[in-house]
Amino acid sequence: MKKSLYETLEVSENATPEEIKKAYRKLARKYHPDVNKDKDAEEKFKEINAAYEILSDANKKAQYDQFGDNMFGGQNFSDFARNQGNINLDDILESIFGNSGGFGAGSRSFNFGGFNNFDGFNHFSPNLDIHSTINIPFKIAILGGKQHVNMQHDNFDIKIPAGIKEGDTIRAKGKGKAQGNMRGDLLLKIHVLSDEEYTRDEDDLIKQCDISLKTAMFGGTINVTTLYKDVKLKIPANTKNNQKFRLKELGVKNRKNGQMGNLYLKINIIIPKIQDLSEDLQNQLQKELPVQ
């Protein structure tokens, strides 16, 4: 496990408290901004102070020795410190270690931050979550249901809420990485597979609906199978191709407000093959049908 705080103070991981103090004093004198005018000296001085604040305290050092640079997201401490915004060290250390944190008089603000993985007892809680992607069939995304997951030799089912969308995330608690008695979560980003019958537009569904030329011309009633139930739809005379009919509240459930979207049936008129018509009808159509 990488422990770059010791490298910052130029001591070994087995250094005694006296050796740590001695190294700190030597480096602090060397890089103090009032003495060293190098452009990087102040940043180095801040890092040295931060490293000593942690390693000189038995409780803080014990936590760091346990988790190492995982406390900095796995980064080298120097890189981590330089990549953060300007944050007062006293505030950061107090949020991590409680009221014992902070330099006290003479402390400085320095580029440090990101200690956000601590629980309510001021102990470091490593990020044990796993991020992955899962493919969900279209109809399960609309109606909800169960989806089987096979992840890192672990097989289980997860519940898919009705109306879940592309890019949403589902959390499977306790299915992440393990460390001691701690378990992270598995966060699954949803990819909804396409469907041959339906397309989705926010909370609405669109489905192609085939009807005969006779029904389109003279009207009639057709049976329509939806995701929820079968319905009868009255088609008026002179219905046009691509004309849409709305079936209220047979779309997608909105996960925020619980309201249902609509289903829109897009009409596709099936033109019969001319050879399937009688010769008399073919002649009649040729005579009667308008050119435009």
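Predicted model: local features only at pLDDT ≥ 70, side-chain atom pairs only at ≥ 80, totals over all residues.
Residues are numbered from 1 along each chain as its sequence is written, and side-chain values use heavy atoms, with hydrogens and water left out.

Staying with that pair, the side chains of Lys-46 and Glu-42 form a salt bridge at 3.7 Å, N to O, the term meaning a side-chain nitrogen of Lys or Arg within 4 Å of a carboxyl oxygen of Asp or Glu. Lys-46 counts as buried at 9% relative accessibility, whereas Glu-42, at 36%, counts as partly exposed; buried means under 20% relative accessible area, exposed over 50%, and partly exposed in between, with a 1.4 Å probe and protein chains only.

Helix H3, residues 41–55, also packs against helix H2, residues 17–31: their axes come within 9 Å and cross at roughly 165°, the axes being lines fitted to C-alpha atoms over the stretch in contact, with angles from 0 to 180 degrees between N-to-C directions. H2 and H3 are therefore roughly antiparallel, a label for angles over 145 degrees. Among the residues making the contact are Tyr-24 and Leu-27 of H2 and Phe-45 and Ile-48 of H3, contact meaning heavy atoms within 4.5 Å.

Turning to the other salt bridges, the structure holds 13. In one of them, Lys-139 meets Asp-195 at 2.7 Å, N to O; Lys-139 lies in helix H7 and Asp-195 in the loop between strands E9 and E10, so the pair ties together parts that are 56 residues apart in sequence. Lys-139 is partly exposed at 30% relative accessibility, and Asp-195 is partly exposed at 22%.

Another salt bridge, at 3.2 Å, N to O, joins the side chains of Asp-168 and Arg-255, linking the loop between strands E5 and E6 with the loop between strands E14 and E15, 87 residues apart. Arg-255 is partly exposed, with a relative accessible area of 46%.

Technical notes:
Helix = DSSP H or I, 4+ residues; strand = E, 2+ residues; numbered from the N terminus. Parallel < 35°, antiparallel > 145°, perpendicular 65-115°, else oblique.
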